[in-house]
Amino acid sequence: MQFLAALSAQLTRFTAAVIILASIIALIEPATFSWVKGDTQVAVLGVIMLGMGMTLGKEDYRILAQRPLDILIGAAAQYTIMPLLAIAVAKALNLSPGLTLGLVLVGTCPGGVSSNIMSFLAKGDVAYSVGITTVSTILAPVMTPLWMMYLVGETVDMDGWAMFKFMLLVTLLPVVIGSTANMLLHKKHWFADVRAAMPGVAVLAFACIVGGVAAVHGHRFMESALVMVLAIAVHNICGYVLGYYSGALFGMSVPKKRTLAIEVGVQNAGLATGLSAKFFPGNAESAVATAVACVWHSVSGTVLGNLFAWWDKRKA
C-alpha cells in the first residue's frame, strides 16, 4: 500500500502529463478509451467525487464553521466571475454556439478537484482552498443548472431540472458518502491506505473522461483549435487575475489571495465534460472544448502554483 500511496502522489503531481498522454493515446487509437461513455462515464465521474469526499473530515467542516465569511467570499467570487467571464469571452471572440456552450459549462462548474494541490504548491492557504472547493461543490447542483439556464438556456435546448438531479447524484452524493466514510473510518489503517491511493485513482479517472471525449470527438479538434484554446486560456487566466484581486479587495493575506486566484481560475472541467456528454451528446464542439479545458486548467494551475513558489524563493 505504501507503493500505491507513492504512485498516487506522483500521479497527482503530474496530473497534466497523465491527461495529455491519455488524449494522445485516444487520438492515435480511439478504441483505447471509446468505452468511457454513457453510464460508464457517469460512474467514472462518481469515483472522482468520491475521492474528493474521502479527503473531507471533521476538521474541514470545523474550518467551514470558523471561517464562513472568507469561504462565502470565495464561493461567491467563483460563481459570479467565471460564469459571467465565460459568456463575455464567448461574445468577445464571437464563438460558435457549441464552443460557447462548452466554455459556459466550464465556467459554471465548481472548483477543480486538483485546486487544493495547486494551492499547496503555491504556498497558499490549503484549508481555505478545501473549504471553498467543498462549498462550491455542495452548491453546484443548484448553481450550475441555474447559470446554464440563464446564460445559454435561450439558445440551447436543455433540461435544468434533469441537470440538477443528475448533479445531486454524481457530485453531492459521492462526496457525502466519501466524507461520511472518512469521519467514521479515519482511524482504520486500511481506510487510510485506500484514502492515500484515491487521489491517483481520481487522476486516472479524470484522464479516462478526457480520453473518452478525445476518442469520440478528437477528429473535430482541428476544426476550431486555435480559437478554442485562445478562449479557454483567456477565460482561465482572467479568472486567476480577478480571483487574486477579489481577495485583495477584501484585505486578505497573500496566501489567501493566491488560494482564491487558483480556486476561481481552476474549474472542475472533468465534470463539465461529463455534463456535456450527458446533456448535449450531439454537440461535439462543446465536448471537445470541455476536454481541452481539462488539460489547460491542469497545466496552467500547476504552472501558476510553481510560479508563486518561485517568486517566494526569489524574494527570500
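Buried means under 20% relative accessible area, exposed means over 50%, and partly exposed lies in between (1.4 Å probe, protein chains only). This is a predicted model: local features need pLDDT of at least 70, side-chain atom pairs count only at pLDDT 80 or more, and totals for chains, interfaces and linings use all residues. Residues are numbered from 1 along each chain as its sequence is written, and side-chain values use heavy atoms, with hydrogens and water left out. A salt bridge here is a side-chain nitrogen of Lys or Arg within 4 Å of a carboxyl oxygen of Asp or Glu. By this rule there are four salt bridges. Helices are DSSP runs (H or I, at least four residues), numbered from the N terminus.

**Within helix 4**
- Arg62 and Glu59 form a salt bridge, N to O 2.5 Å.
- The two residues are three apart in helix 4 (residues 58–66), so about one helical turn separates Arg62 from Glu59.
- Arg62 is partly exposed at 40% relative accessibility.
- Glu59 is also partly exposed, at 44%.

**Helix 5 to helix 12**
- Asp70 pairs with Lys256 in a salt bridge, N to O 2.5 Å.
- This pair links distant parts of the chain: Asp70 sits in helix 5 (residues 68–92) and Lys256 in helix 12 (residues 254–265), 186 residues apart.
- Asp70 is buried, with a relative accessible area of 17%.
- Lys256 is buried too, at 18%.

**Helix 12 to helix 14**
- Arg258 and Asp312 form a salt bridge, with the closest N and O atoms 2.7 Å apart.
- Arg258 in helix 12 and Asp312 in helix 14 (residues 284–315) are 54 residues apart, again linking distant parts of the chain.
- Arg258 is buried at 5% relative accessible area, whereas Asp312 is partly exposed at 26%.
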